[in-house]
Amino acid sequence: MDKSFLFFHPNFIIQKKYPSYFFLASEASIGFHTVDKKMISGMGATYGGFFPAISNQTLENVIPALVQEIKDKDMEEVHIKLPPSYLLPSDQHTIWLKNGFTIVREDVNQHIEVLHPTIENYLNPQERRKLKQSVDIRIEINSPSVSSEARFDLLEKARLFKSTPLTISKSEWSQFTQGLEDYYYFIDAFYGSTYIGMAIGVHLQPTVLYYYLPATHPDYISLSPSVKIIQHMYALAYELSCQYVDLGISNDASGLNEGLFRFKSNMGAKVSSKYTIMRKLQ
C-alpha cells in the first residue's frame, strides 16, 4: 500500500472507526471500509478506487476477482466513489458498468492544470481584476497566529451565512489532521490583523492538491479573498510538483451551483465527471 495516497495512510484509516480491507491488483490497491454488509471505497474521503490508477485492460481483468473476494466475505453490496475522470484512463467508469455496477451519483468536478509557476495566465479578466485589487490581503500558509479554534469558528460563520451545511463537527475538526500533518496546508488570509478567509490544501496524492473547506468571513466577501487563496494554493501545488489543483465538485443534490461553477471556471478550471457506483452482490 502506497502511503503517498492520503486515504491509504493508517492514521486516516483509523479515523473511520470501521474495519478496513485492501484488494491488491498488480502494483495498485483499492481500499474499503466495511459498514454493516456493505464494502465502501472512499468512505469519508474525496474519492476511493484504485491507486495508482490502473489501465482499462487491467481493470477489466481484476473486477471479477475483486467482486468474488467481496462476495466470499458475505457482503451484500459494494460501493465505490471513483476519482474524477481527469485522473483515470478515458471512460474507465464504463468498465465497471459492463461488470454489473450502476451509477448512483454523478458529480461535476473542476480542476486546474498546473503547467506554469503562477496562475495569472489562467484567470478570466474579472478574476484578474479582483486579484489586482487584493493587494492589501496577506496570505500565510499554516499561520502560527491562527488557532485551530479560530479556523473552525470562521468556517462555521461562513457556512451559516451561506446557509450551507457544515460537514465536519468541532470534535472531528480538532482531530482530523492528527498524524497526517504532512498532507494538510492551511491557507490563511488576513486583512490587516483581521483573519478573513481560509482554505485547506490537501495533498491527496503526489499529483493532486485538493481545495478543501474554503471559508470567507461574511464581512469581507467583497474583497474576494478566495481568489488570492487559490492563487497561493496554485503556487504551493507548483512547489510540491503537483500536476493539478482539484477544486472539488460544483453541485449538490439539487443540481449545479452555477455561481460556484462560474467562479471556478473563471479561475481557469476544467470540468470532469465524478461517479459513485455500486453493485448488489446477493
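Is Y184 buried or exposed? Select Y184 and colour by accessibility. Y184 is buried, with a relative accessible area of 8%. What you have open is a predicted model, and every stop below is read from that model.

**Stop 1**

By the ring-centre rule, the structure holds 21 aromatic pairs. One of them joins W173 and F176, with 5.4 Å centre to centre and 45° between the planes, a tilted pair. Now turn to the other side of the tour's opening residue. The ring centres of F176 and Y184 lie 5.1 Å apart, and their planes meet at 85°. Planes over 60 degrees apart count as edge-to-face, so the pair of F176 and Y184 is edge-to-face.

Check burial next. W173 has 5% relative accessibility and counts as buried. F176 has 9% and counts as buried too. The cut-off is under 20%, which is why Y184, at 8%, is also buried.

**Stop 1: the aromatic cluster and a lysine**

Select F5, F7, F8, F12, F22, Y47 and F51. These residues form one aromatic cluster. The charged end of K16 sits over the ring of F12, 4.7 Å from the ring centre.

**Stop 2: Y47**

Which loop holds Y47? Y47 lies in the loop between strand 3 and strand 4. Its relative accessibility is 2%, so Y47 counts as buried.

**Stop 4**

Select G42. G42 lies in the loop between strand 3 (38–41) and strand 4 (50–51). At 11% relative accessibility, G42 counts as buried. Setting aside neighbours within four places in sequence, G42 is in contact with G31, Y47, G48 and K81. G42 and L82 are 40 residues apart in sequence and 7.7 Å apart in space.

**Stop 3: backbone checks**

The peptide bond from F51 to P52 is cis, with omega near -10°.

Now pick D36. Its phi is near 55°, a positive value in a residue other than glycine. D36 lies in the loop between strand 2 (28–35) and strand 3. With a relative accessible area of 70%, D36 is exposed.

Then pick D91. D91 also has a positive phi of about 55°, although it is not a glycine. Look for D91 in the loop between strand 5 (77–81) and helix 3 (93–98).

**Stop 4: an arginine over a ring**

Select R151 and F186. R151 lies over the face of F186, at 4.4 Å from the ring centre. Y47 and R151 are 104 residues apart in sequence and 25 Å apart in space, C-alpha to C-alpha.

**Stop 5: the way into helix 4**

Select N124 and P125. N124 sits in the loop between strand 6 (102–113) and helix 4. P125 lies in helix 4. N124 is partly exposed, with a relative accessible area of 27%. P125 counts as partly exposed at 46%.

The C-alpha atoms of N124 and F263 are separated by 9.3 Å, across 139 residues of chain. Those of P125 and N266 are separated by 8.2 Å, across 141 residues.

**Stop 6: helix 4 on helix 7**

Show both helices as cartoons. At what angle do helix 4 and helix 7 pack? Helix 4 (residues 125–132) and helix 7 (residues 225–239) pack at about 95°, with their axes 9 Å apart. That makes helix 4 roughly perpendicular to helix 7.

Helix 4 supplies E127, K130 and L131, and helix 7 supplies V227, K228 and Q231. The residues of this contact divide into 2 nonpolar, 1 polar and 3 charged.

Conventions:
Residues numbered from 1 in each chain as written. Predicted model: local features only at pLDDT ≥ 70, side-chain atom pairs only at ≥ 80, totals over all residues. Heavy atoms only, no water. Phe/Tyr/Trp six-rings, centres within 6.5 Å; stacked < 30°, edge-to-face > 60°. Buried < 20%, exposed > 50% of the residue type's maximum accessible area, 1.4 Å probe, protein only. Lys NZ or Arg CZ within 6 Å of the ring centre and 35° of its normal. Helix = DSSP H or I, 4+ residues; strand = E, 2+ residues; numbered from the N terminus. Contact = heavy atoms within 4.5 Å. Axes fitted to C-alpha atoms, helices over the stretch in contact; angles between N-to-C directions. Parallel < 35°, antiparallel > 145°, perpendicular 65-115°, else oblique. Nonpolar A, V, L, I, M, F, W, Y, C, P; charged D, E, K, R; others polar.
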